[in-house]
Amino acid sequence: MELKVTTLDGKKSGSVTVSDTIFGLEPRTDLIHRCVVWQLAKRQAGTHQVKNRADIHRTGKKMYRQKGTGGARHGSRRAAQFVGGAKAHGPVVRSHAFDLPKKVRALALRHALSSKAKDGSLIVVDSVTCKDAKTAALRTQLGAIGITHALVIAGVEVDNNFKLAARNIPNVDVLPNAGLNVYDVLRRRTLVLTKDAVEAIQARFQEKEAA
């Protein structure tokens, strides 16, 4: 598959050949969904907790005698049915993360990249650099080439001026190659890759295939 390369000024800058096994697959939503759920589960803090009966500071003395009162039999005011009592079966501190095989995660990323390529939502640029860290100027420049809601994968390292200029633009995220992930690819309308990022992605998957 061949993708056209452009500059941030909207000028043509040749083309780049990409592998069909990375950018030319028929997207499988089941794989992509599994990976997104896995990512979001890992992000959950899991710090929600309620007080159980051991955490309630009340006397442990029996409320009233067992029989003869005409009421239900109770042994403690710490029980969940009483005001100020403990919560029954409430959430506790735990990790929401679960395992997902590396091969599944890698395949999901391929399908996410392929979905952008298939939709025509993939843009390859020569490089992403700025002379000055000016947000207004960069917003105008990106808008001129149709980048208003995008994830930009900028290469091994992100140009500092570009990063500073882009951080105040709504709905535009900038990440280095190492930050490429399924969830961020899908949450933005357009995926912008530099030529260096494309080469790094292909080299990454070729190494995995060779292994």
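Tutor: We begin with a definition: helices and strands are DSSP runs, of at least four residues for helices (H or I) and at least two for strands (E), and they are numbered from the N terminus. Please keep in mind that this is a predicted model. As a case, T190 is found in strand β6.

Student: Is T190 buried or exposed?

Tutor: Buried means under 20% relative accessible area. T190 counts as buried because its relative accessibility is 11%.

Student: Which residues is T190 in contact with, leaving aside its neighbours within four places in sequence?

Tutor: With that exclusion, T190 is in contact with K116, S121, I123, H149, A150 and L151.

Student: How should I read the sheet to which such a strand may belong?

Tutor: The general idea is that strands of a sheet pair through backbone hydrogen bonds, either parallel or antiparallel.

Student: How many bridges join β4 to β5, and how many join β4 to β6?

Tutor: Strand β4 (residues 150-153) is joined to β5 (residues 172-175) by 4 bridges, and the two run parallel. Within that pairing, A150 has V172 as its bridge partner in β5. Strand β4 is also joined to β6 (residues 190-194) by 4 bridges, again in parallel, and here L151 stands opposite L191.

Student: What can be said of the two faces of β4?

Tutor: In a regular strand the side chains alternate between the two faces of the sheet. In β4 both faces are covered: A150 and V152 are buried on one side, and L151 and I153 are buried on the other.

Student: Which strand pairs with β6 in the parallel sense over 4 bridges, besides β4?

Tutor: That strand is β3 (residues 122-125). There, V125 has T194 as its bridge partner in β6. T194 counts as buried because its relative accessibility is 2%. Leaving aside neighbours within four places in sequence, the contacts of T194 include V124, V125, D126, I153 and A154.

Student: What do β4, α5 and β5 make together?

Tutor: They make a right-handed β-α-β unit.

Student: Let us turn to the helices. Which residues of α4 are buried, and why are they on the same side?

Tutor: In helix α4 (residues 135-144), the buried residues are T135, L138 and L142. They lie on the same side of α4 because they cover an arc of only 65° around the axis. On the other side of α4, A136, T140 and A144 are exposed. The buried residues of α4 pack against α5 (160-166).

Student: How does one describe two helices that pack together?

Tutor: Two packed helices are described by the angle between their axes and the distance between the axes. For helix α2 (residues 29-43) and helix α3 (residues 102-119), the axes come within 8 Å and cross at roughly 115°. The contact is made by residues including L31, I32 and W38 of α2 and V104, L107 and H111 of α3. The crossing in which α2 passes α3 is left-handed.

Student: Where is a positive phi found in a residue other than glycine?

Tutor: Two cases may be named. H89 has a phi near 60° and lies in the loop between α2 and α3; H89 is exposed, with a relative accessible area of 85%. N171 has a phi near 65° and is found in the loop between α5 and β5; N171 is partly exposed, with a relative accessible area of 37%.

Student: How many residues apart in sequence are N181 and V36?

Tutor: They are 145 residues apart in sequence and 9.2 Å apart in space, C-alpha to C-alpha. N181 has its place in the loop between β5 and α6 (182-187), and N181 counts as buried at 15% relative accessibility. Not counting residues up to four places away in sequence, N181 touches Q39, L109 and L175.

Methods: Residues are numbered from 1 along each chain as its sequence is written. This is a predicted model: local features need pLDDT of at least 70, side-chain atom pairs count only at pLDDT 80 or more; totals for chains, interfaces and linings use all residues. Side-chain values use heavy atoms; hydrogens and water are left out. Buried means under 20% relative accessible area, exposed over 50%, partly exposed in between (1.4 Å probe, protein chains only). The arc is that of the directions from the helix axis to the C-beta atoms. Contact means heavy atoms within 4.5 Å. Two strands pair if DSSP finds at least two bridges between them. A crossover is right-handed if, with the strands pointing away from the viewer, the path from the first strand over the helix to the second runs clockwise. Axes are lines fitted to C-alpha atoms, for helices over the stretch in contact, and angles run from 0 to 180 degrees between N-to-C directions. A crossing is left-handed if the near helix is turned anticlockwise from the far one by less than a right angle, and right-handed if clockwise.
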